[in-house]
Amino acid sequence: MRYDDRPPSPESASSVSPERRRFVRRSGLAVGAAVLAPTALAGWVLVQLTTGAGADDARPPRIVMPAASASGTAPASASPSASPSAAAPQSDPSPSKNPLAGRTVVIDPGHNTGNFKHTDEIDRQVDIGTNRKECDTTGTTTNAGYMEAEFTLDVSRRLRTVLEAKGLKVVMTHEAGTARPWGPCIDERARIGNEATADAVVSVHADGVSSGNRGYHVILPAKVKGGAADTAAIVGPSRDLGERIGSNFARTTGSAPANYLGSGTGLVVRDDLGGLNLSTRPKVFIECGNMRDAKDAALLTSPEWRQKAAQGIADGIVGFLGG
Ligand code: ZN
């Protein structure tokens with residue numbers, strides 16, 4: 001289902017009036033500014049980013065990382081934890097040649113397979129800076145009962161395997177089971193990424209809207225500020241991360257961008273998700289498909305397809321990190 005908060009209904013999703021949308025060309029900082037006005041007025045707003053929908057990941061490097069963490073123009077020395085470049089080659093050349101060495105990725109499997117048994121716990125409100133929201137939600141299921149939380153955990157584990165094979169450190173926000181019978185709450189999910197000083201964070205989901213709505217979309221953080229929420233530093237790098245994940249996901253799975261939001265870009269900006277609002281690290285959500293559509297569900301329930309999905313997400317992350 002949609003992410004970590006109560007979603008708008010499918011009906012409201014399809015009836016957003018034109019004046020509540022903004023179609024914004026990729027024009028650097030202007031995009032962030034354009035997001036603010038509509039999101040202040042609407043509970044949730046779709047902001048379409050007009051990007052090339054192609055699957056290549058070969059766009060030129062962009063200066064998007066926060067100044068404190070990377071230059072964005074020198075991948076070989078971009079790791080915030082790398083030794084000074086003058087010393088590294090002499091002391092140990094191999095790590096300095098791998099831009100992924102010492103980098104951390106946090107993977108957040110959406111929801112939890114035990115949430116439905118802990119409704120009191122997950123229904124309690126938590127502070128997301130700009131608002132208060134439910135701690136967590138149960139997620140959706142396919143019509144045959146395959147839980148979104150099962151899907152997200154499986155894809156996340158596959159993703160972890162691919163990323164660790166690349167030499168990345170991976171932290172999972174949870175793996176359900178006895179260690180985490182429910183949750184974590186959305187504020188804790190964000191905090192785990194922040195405290196890990198993650199170089200990239202991805203929250204894995206699948207949507208639950210009416211049949212006929214198909215395809216994937218990546219959710220990017222809007223620029224928000226309120227309480228503990230301040231996304232100004234992550235809006236740019238998160239968009240870069242999200243575009244790379246989306247294009248690689250399309251390539252490896254063959255899936256198309258969602259046909260029901262994002263106007264064919266596979267990208268949506270939202271300001272109402274605690275998991276994004278409270279993140280201080282580059283972070284996106286990916287909705288891998290619509291569990292309530294039979295054709296999408298046939299993909300989402302296929303282990304082979306889930307491996308392709310994990311590979312695409314991994315490729316996007318690795319590209320973002322300069323690997
Ligand atoms: Zn979800």
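What percentage of the 323 residues in the protein is buried? In this predicted model, buried residues make up 55% of the chain.

**Figure 1. Overview of the protein.** The fold contains eleven helices and twelve strands. Among contacts with a separation of 6 or more, 81% are between residues 24 or more positions apart. The accessible surface is about 13100 Å², and carbon and sulfur atoms account for 54% of that area.

**Figure 2. Surroundings of asparagine 112.** Asparagine 112 sits in the loop that runs between strand E3 (104–109) and helix H5 (119–123). Its relative accessibility is 1%, so asparagine 112 counts as buried. The side chain of asparagine 112 has a polar contact with the backbone oxygen of arginine 180 at 2.8 Å. With neighbours within four places in sequence left aside, the residues in contact with asparagine 112 are Ala149, His174, Ala176, Arg180, Pro181, Trp182, Gly183 and Arg189.

**Figure 3. The largest nonpolar core.** This core has 51 residues, of which Phe151, Leu159, Leu163, Ile245, Ile313 and Ile317 touch the most other members. Helix H11 (residues 303–320) supplies the largest share of the core, eight residues. In soluble globular proteins, nonpolar side chains tend to be buried together.

**Figure 4. Contacts of phenylalanine 151.** Phenylalanine 151 is one of the core residues that touch the most other members. Beyond its neighbours within four places in sequence, phenylalanine 151 is in contact with Tyr146, Val204, His205, Ala206, Cys288, Met291, Leu300, Trp305 and Arg306.

Figure 5. Two aromatic pairs are found in the whole structure. One of them, formed by tyrosine 216 and phenylalanine 249, is tilted, with 5.2 Å centre to centre and 55° between the planes. Tyrosine 216 belongs to the loop between strand E7 (200–207) and strand E8 (217–221), and phenylalanine 249 to helix H8 (residues 235–253), so this pair ties together parts 33 residues apart in sequence. Phenylalanine 249 also pairs with tryptophan 305 in an edge-to-face arrangement, 5.8 Å centre to centre and 80° between the planes. Because phenylalanine 249 lies in helix H8 and tryptophan 305 in helix H11, the second pair ties together parts 56 residues apart in sequence.

Methods. Residues numbered from 1 in each chain as written. Predicted model: local features only at pLDDT ≥ 70, side-chain atom pairs only at ≥ 80, totals over all residues. Heavy atoms only, no water. Helix = DSSP H or I, 4+ residues; strand = E, 2+ residues; numbered from the N terminus. Buried < 20%, exposed > 50% of the residue type's maximum accessible area, 1.4 Å probe, protein only. Polar contact = N/O pair within 3.5 Å; in protein donor to acceptor, adjacent residues only side chain to side chain. Contact = heavy atoms within 4.5 Å. Areas by Shrake-Rupley, 256 points an atom, 1.4 Å probe, with all protein chains shown as cover. Core = buried A, V, L, I, M, F, W, Y, C linked by side-chain atoms within 4.5 Å. Phe/Tyr/Trp six-rings, centres within 6.5 Å; stacked < 30°, edge-to-face > 60°.
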